[in-house]
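I am opening a notebook on a structure that is new to me. I will write down what I look up, entry by entry.

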Amino acid sequence: MAFIGADLIPAVDTLWKVDSTTFTGTPTSLPDSISGAVHFQGTVILTKPFKVNGAAFLDGSSIFTAGGHPFLVTGPLSTNGGRLVMTNASDSVDVGGAYTVNSVSGVGDLTNGKLVLHGNFTQVANSSNDFAGTLLHQTIFAGSSLQTVTFANPAIANSRFQDLVIDNPAGVNFATAAVAAGNVTVLQGSVTAAGHGIIIGTNLSDASNVSWRPDTTTFNGAATLLPDSIQSVTHFVGSITLAKALNTAMSDAMRADSSVLVFGEDVGMLGGVFRITDGLMAEFGEQRCFDTPLAESGIVGMAVGMAIN
């Protein structure tokens with residue numbers, strides 16, 4: 001066990017072979033990686049990528065700021081009163097083990113960057129809002145075995161995810177209620193929450209249409225993107241128009257595949273009578289969104305011909 005008041009500067013990272021290292025002050029220089037358990041008790045702002053080959057702990061009143069750099073922890077990460085700060089789009093925190101949040105108020109700490117989790121997530125009620133994702137922050141569940149999510153204080157005004165991505169083929173299970181104040185995207189794996197509900201602030205994307213399966217889903221914002229079907233009791237507290245949903249679906253399809261075209265009567269410059277195609281020509285150009293003559297048989301014939309070519 002070693003206690004360090006300031007910097008650690010080994011000539012080679014592997015020269016430091018201490019089972020447990022505690023930084024009691026404000027280090028300005030760290031090696032590229034440290035093996036073993038690492039505790040931070042002061043203020044840290046990363047100036048380069050940093051890796052802990054083991055467990056990491058943010059203790060006491062510590063503040064750990066990613067500073068636009070990757071922070072990789074191969075084992076568990078725990079905030080035991082300390083705070084993890086991610087406010088830069090380049091911030092990337094990757095946790096190989098369980099992530100436990102047991103901290104003071106974290107309002108304003110998680111506004112940007114990506115938090116990638118490969119183990120379970122647990123928010124403990126030290127403060128009701130110690131994990132308060134906002135703005136552009138994204139939490140990604142990317143494990144290879146079933147991951148469990150537990151919130152002690154789930155609420156829009158308390159602890160919550162901002163944008164949430166499920167990218168685990170083994171799935172993610174919510175052991176409590178939860179809130180994602182932004183968008184939710186299911187890339188792979190099932191999402192379950194037996195006996196619990198999940199609140200979504202805006203959109204839900206589930207290409208399979210069967211992977212999102214909590215007992216209750218509540219949309220409390222203006223959702224513009226929904227799957228074809230949802231396998232749960234669903235409440236709409238906010239609003240969405242069919243026109244906006246169709247417009248968003250076409251935009252997403254055109255962004256995902258450059259071969260997708262939109263053409264028909266008044267769909268280009270005017271954006272359609274009901275503005276279903278509004279903005280598509282401006283974003284994708286006249287070669288991919290354009291008007292046709294008032295000849296439905298010609299439109300169908302052109303579409304069929306393009307599809308088989």
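Which residues make the nonpolar surface patch of about 310 Å²? I looked it up in this model, which is a predicted one. The patch is made by V300, V304 and I308.

**Entry on I308.** I placed I308 in helix 3, which covers residues 296–308. Is I308 buried or exposed? I found that I308 counts as exposed, because its relative accessible area is 69% and the cut-off for exposed is over 50%.

**Entry on the whole chain.** I then stepped back to the protein chain, which has three helices and 27 strands. I noted that its C-alpha atoms fill a box of roughly 80 × 45 × 30 Å along the principal axes. The chain has 309 residues, and 45% of them count as buried. I put down an accessible surface of about 13,900 Å² for the chain, with 57% of that belonging to carbon and sulfur atoms. Among contacts with a separation of 6 or more, 30% come from residues 24 or more positions apart.

I turned to the inside of the chain. A general note to myself: in soluble globular proteins, nonpolar side chains tend to be buried together. Here the largest nonpolar core has 48 residues, and F121, F161 and F174 have the most contacts inside it. Which strand gives the most to this core? I found strand 22, residues 191–200, with four residues. I also recorded a second, separate core of seven residues, and M254, V262, L280 and C289 are among them.

**Entry on F161.** I listed what F161 touches, leaving aside neighbours within four places in sequence.

**Entry on N168.** I found N168 in the loop between strand 18 (163–167) and strand 19 (172–174). Is N168 buried or exposed? I marked N168 as buried, because its relative accessible area is 0% and buried means under 20%. Next I checked its polar partners. The side chain of N168 makes a polar contact with the side chain of Q147 at 3.0 Å. A polar atom of the N168 side chain also lies 2.8 Å from the backbone nitrogen of A170. Beyond four places in sequence, I noted contacts of N168 with residues including F141, G143, S144, S145 and L146. Q188 and G189 are in contact with N168 too.

Terms used:
Residues numbered from 1 in each chain as written. Predicted model: local features only at pLDDT ≥ 70, side-chain atom pairs only at ≥ 80, totals over all residues. Heavy atoms only, no water. Core = buried A, V, L, I, M, F, W, Y, C linked by side-chain atoms within 4.5 Å. Buried < 20%, exposed > 50% of the residue type's maximum accessible area, 1.4 Å probe, protein only. Helix = DSSP H or I, 4+ residues; strand = E, 2+ residues; numbered from the N terminus. Contact = heavy atoms within 4.5 Å. Patch = residues over 30% accessible without salt bridge, like charges linked within 9 Å, V, L, I, M, F, W, Y side chains within 5 Å. Areas by Shrake-Rupley, 256 points an atom, 1.4 Å probe, with all protein chains shown as cover. Salt bridge = Lys/Arg side-chain N within 4 Å of Asp/Glu carboxyl O. Polar contact = N/O pair within 3.5 Å; in protein donor to acceptor, adjacent residues only side chain to side chain.
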